[in-house]
Amino acid sequence: MSKVVVVTSGKGGVGKTTSSAALGAALAQAGQSVVVVDFDVGLRNLDLVMGAERRVVFDLVNVVQGDAKLPQALIRDKRLETLWLLPASQTRDKEALTEDGVEKVMDGLRARFDWIICDSPAGIEKGATLAMRFADQAVVVTNPEVSSVRDSDRIIGLLDSKTRRAEGGEKLEKQLLLTRYDPARAARGEMMKVEDVLEILAIPLLGIVSESADVLTASNLGFPVTLHNPASPAARAYADAARRLMGEEVTVTTPKEKKAGLFGRLFGKRVAA
Amino acid sequence: MSFLNFFNRNRSAPVARERLQVLLAHERAFAGRSDLAERLQKEILAAIAKHIPIEGDKVVVRLERGEQVSTLEIDIEVPEQALAR
């Protein structure tokens with residue numbers, strides 16, 4: 001049975017696209033067949049983050065409007081055989097997506113893939129509501145920062161009311177992916193801790209991704225971070241999150257400060273996790 | 001004080017958490033009714049306008065959300081002659 005997962009946040013710039021690419025790649029690396037769908041019509045970027053920007057011919061809007069068949073618009077990743085991308089359109093307006101059209105595309109994708117990862121645009125407009133409309137579960141990407149947490153709360157409300165599942169009285173599982181976390185600042189009380197955000201949003205934790213240079217490097221190069229540097233903390237966090245999506249029990253480790261104190265340095269101990 | 005500040009400088013995270021808790025408690029309670037203050041204002045003004053002529057720009061509406069109670073404050077300037085009639 002295939003699963004439709006929406007990666008959403010309300011707020012922009014928190015890491016939806018990066019996380020969609022990384023989770024999609026991690027699932028594919030675990031042997032699953034995956035398609036990542038860019039719903040950000042007009043501002044597509046998933047193609048760029050996944051290094052497929054020069055291979056886009058047809059897109060989601062073409063398929064929805066019947067100008068192209070689904071297989072024509074799907075792009076297979078050059079590095080992972082079971083990872084595919086369905087890009088968003090760049091030029092047309094957001095009204096180009098219709099609910100019926102998106103539903104047909106989702107049905108077509110369900111027939112081919114284990115996982116359909118929907119990369120939602122920011123905001124609560126049509127693009128975002130259509131991205132979540134047919135989801136079986138949701139990954140809510142949040143930064144430990146007031147505006148991001150507030151917008152995530154709004155999005156959780158929408159997930160509980162505006163999705164097909166919610167309307168049908170079915171359960172839609174929502175999980176929190178905390179990104180751009182800075183353990184050192186959290187320890188100093190300058191940034192909300194993981195527990196603070198969890199307590200406020202009250203949904204289960206899918207994973208914690210620390211602020212990391214590896215993420216930027218990977219997107220600079222057009223690689224999902226789990227492919228570019230699988231040993232990096234960010235890649236490991238995404239790989240663990242992907243395993244949790246697949247239903248495995250993997251305990252979440254809260255990232256600790258990397259820098260060892262004077263005492264730690266003197267005695268050669270690393271505080272890092 | 002400065003001694004405390006030295007050790008607690010920039011401990012802003014607890015403030016963020018508290019502000020969010022208060023705000024979200026309200027936003028959840030008013031989910032889908034974000035226009036409540038606006039509707040109240042309209043209906044109250046309409047009720048007053050039935051009896052006294054009032055001008056729109058002489059009306060000030062303030063909403064203050066507190067942890068326990070919220071206040072909706074409506075300040076209407078009523079001209080003398082309106083009451084005299």
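Visitor: Which side chain does A:Asn143 meet in a polar contact of 2.8 Å?
Guide: The side chain of A:Thr179 is the partner of A:Asn143, at 2.8 Å. A polar contact here is a pair of N or O atoms within 3.5 Å; within protein, one atom must be able to donate a hydrogen and the other to accept it, and residues adjacent in sequence count only if both atoms are side-chain atoms.

Visitor: Before we go on, what kind of model is this?
Guide: This is a predicted model, where local features need pLDDT of at least 70 and side-chain atom pairs count only at pLDDT 80 or more, while totals for chains, interfaces and linings use all residues. Residues are numbered from 1 along each chain as its sequence is written, chains are lettered from A and ligands numbered from 1 in the order in which they are written, and side-chain values use heavy atoms, with hydrogens and water left out.

Visitor: Thanks. Where does A:Asn143 lie?
Guide: A:Asn143 sits in the loop of chain A between β6 (137–142) and α7. Helices (H or I, at least four residues) and strands (E, at least two) are DSSP runs, numbered from the N terminus.

Visitor: And is A:Asn143 buried or exposed?
Guide: A:Asn143 is buried, at a relative accessible area of 10%. Buried means under 20% relative accessible area, exposed means over 50%, and partly exposed is in between (1.4 Å probe, protein chains only).

Visitor: Which side chain does A:Arg44 meet in a salt bridge?
Guide: A:Arg44 pairs with A:Asp47, at 3.0 Å from N to O. A:Asp47 belongs to helix α2 (residues 46–49) of chain A. A:Arg44 counts as buried at 15% relative accessibility, and A:Asp47 is buried at 5%.

Visitor: What about between chains? Which residue forms a salt bridge with A:Asp153?
Guide: That is B:Arg28, with the closest N and O atoms 2.4 Å apart. A:Asp153 is in helix α7 (residues 146–159) of chain A and B:Arg28 in helix α2 (residues 13–29) of chain B, so this pair joins two chains. A:Asp153 counts as buried at 10% relative accessibility, whereas B:Arg28 is partly exposed at 42%.

Visitor: And which side chain meets A:Glu211 in a salt bridge?
Guide: A:Arg180 does, at 3.2 Å from N to O. A:Glu211 is in the loop between β8 (205–210) and α11 (213–221) of chain A, and A:Arg180 is in strand β7 (residues 173–181) of chain A, so the pair ties together parts that are 31 residues apart in sequence. Both count as partly exposed, A:Glu211 at 43% relative accessibility and A:Arg180 at 40%.

Visitor: Which residues do salt bridges that share partners join into one network?
Guide: A:Glu99, A:Glu103, A:Arg133, A:Arg164 and A:Glu167 are joined that way.

Visitor: Backbone next. What is the phi of A:Arg180?
Guide: A:Arg180 has a positive phi of about 55°, although it is not a glycine. A:Ala202, which is not a glycine either, also has a positive phi of about 55°. A:Ala202 is in the loop between α10 (194–201) and β8 of chain A, and it is exposed, with a relative accessible area of 61%.

Visitor: What happens at the start of α11(A)?
Guide: There, a side-chain oxygen of A:Ser212 comes within 3.0 Å of the backbone nitrogen of A:Asp214. After α11(A) comes A:Gly222, with a positive phi near 75°.

Visitor: Now chain B's surface. Which residues form a negative surface patch?
Guide: B:Glu55, B:Asp57, B:Asp75 and B:Glu77 form it. Patches are made of residues with over 30% relative accessible area and no salt bridge, with like charges joined within 9 Å and nonpolar side chains (Val, Leu, Ile, Met, Phe, Trp, Tyr) within 5 Å. Lys and Arg count as positive and Asp and Glu as negative, while His and the chain ends are not counted. Each charge is placed at NZ of Lys, CZ of Arg, CG of Asp or CD of Glu.

Visitor: Where does B:Asp57 lie?
Guide: B:Asp57 is in the loop between α3 (36–49) and β1 (59–65) of chain B, and it is exposed at 63% relative accessible area.

Visitor: Last one: which residues make a nonpolar surface patch?
Guide: B:Leu40, B:Ile44, B:Leu63 and B:Leu72 make one of about 290 Å². Accessible areas come from the Shrake-Rupley method with a 1.4 Å probe, and for residues only the protein chains shown count as cover. B:Leu63 is in strand β1 of chain B and is partly exposed, at 47% relative accessible area.

Methods
A salt bridge is a side-chain nitrogen of Lys or Arg within 4 Å of a carboxyl oxygen of Asp or Glu.
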